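Hi,

Here is the structure I promised to pass on. My notes follow below it.

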Amino acid sequence: MRVPLSDLFGDRRPLIGMVHLLALPGAPGWGGSMTAVIERALEDAAALEAAGLDGLMVENYADVPFYPEAAPAETVAALAVCVREVVRASRLPVGVNLLRNDGPGAVAVAHAAGARFVRINVHTGVTAADQGLLAGRAHETLRLRQRLGAGVAIFADVWVKHAVPFPGAELEQMAEDTYRRGLADALIVTGAGTGKATDLERVQRVKRAVPEAPVLIGSGVTPDTVAAALTVADGAIVGSAVEQGGVGGNPVDRLRAEALTEAVRAARSS
C-alpha cells in the first residue's frame, strides 16, 4: 500500500529542510556529547520550521566515512533518539535518512520515533559509490514495513548523488523499476553531489517515464532556482543552501532559509 505525498504535505509542493546531525557515537568525528548533538538538531529544526519550510529530514550527515549497508547498532540507536526529539519538538512531518544506504534501519528508526517518511539512496539496482558497490534492498525494506505495520513513506533516489550508475543502466528504466517494482512512494533526482544543481531535464525524463510517481529534487535548489524547480518537480529537499555559508553540515541559517521560502511565495503569487 502506497503512502501518498498528499498524506504528508497536503496539496503543497513541499520544501523539506535537512537536519544534518553532528557525528554520532562511534563515528570518527564523534564529539562525546549526545546532548550537544540533540541541541544542535533542535536548533536547526526550529530555524527551518520558523522559516516556513514544509517538512524536516534528519540525517547522520557527519558520520563519514559511512557504512555501505547496515549501520551499526550505536548509530541506529543514537539516530532514533535524535529523530524522536525532533518529532516531539516540531509540528512538521519528519523524515529519516540513515546513510549510506540502510533502508530497513531507517524504517525501523522512523517507526520507533514517530517519523513519517524515509529516504533511501539505492532502493533497487546497483550503484558504484565512494563506499563501493551499493545494492538495493527493497525486498527487505518493504517487508519490514509490512511486518511493523508502519505507515512510513519511502522516498527513493534514482541515480543518487556521490555515485554513478552501472554502464548500460538507463535512467527511465531505473525510475520505472524503483517505483513500480521497488514500490517506492516517491522518487528523488539529484545533481552529482551535495549542493550541486539537479538537471531539470533529468527530472522531466523521470516524470515522463513514471507519470504517476511524485518526483522530488534532492540537491542544488537555491532561492534563484527554486521557483523553476517547483514548476517541474513535485517538491524539493534542501540542505546546504539553507546552512551557514552554503556549506553542508553547518548550522541552519534562518535568513537563508527565509530567502528560499520567500522566493517560493513570490513565485506562487506572481
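A word on burial before the notes: buried means under 20% relative accessible area, exposed means over 50%, and partly exposed is in between (1.4 Å probe, protein chains only). Also, this is a predicted model, where local features need pLDDT of at least 70 and side-chain atom pairs count only at pLDDT 80 or more, while totals for chains, interfaces and linings use all residues. Residues are numbered from 1 along each chain as its sequence is written, and side-chain values use heavy atoms, with hydrogens and water left out.

Salt bridges, then (a side-chain nitrogen of Lys or Arg within 4 Å of a carboxyl oxygen of Asp or Glu). The structure holds 15 of these salt bridges. One of them pairs E49 with R91 at 3.0 Å, N to O. E49 sits in helix α2 and R91 in the loop between α3 and β3, 42 residues apart; helices (H or I, at least four residues) and strands (E, at least two) are DSSP runs, numbered from the N terminus. E49 counts as buried because its relative accessibility is 17%, whereas R91 is exposed at 76%.

Another one joins E172 to R205, with the closest N and O atoms 2.7 Å apart. E172 is in helix α6 (residues 171–181) and R205 in helix α7 (residues 200–209), so this pair ties together parts 33 residues apart in sequence. Both ends are partly exposed: E172 has a relative accessible area of 27%, and R205 comes out at 29%.

Now for strand β2 (residues 55–59). Five of its five residues are buried, so the strand is largely enclosed by the rest of the structure. G55, M57 and E59 cover one side, L56 and V58 the other. β2 runs parallel to β1, with five bridges joining them, and also parallel to β3 (residues 94–97), with four (strands pair if DSSP finds at least two bridges between them).

Cheers
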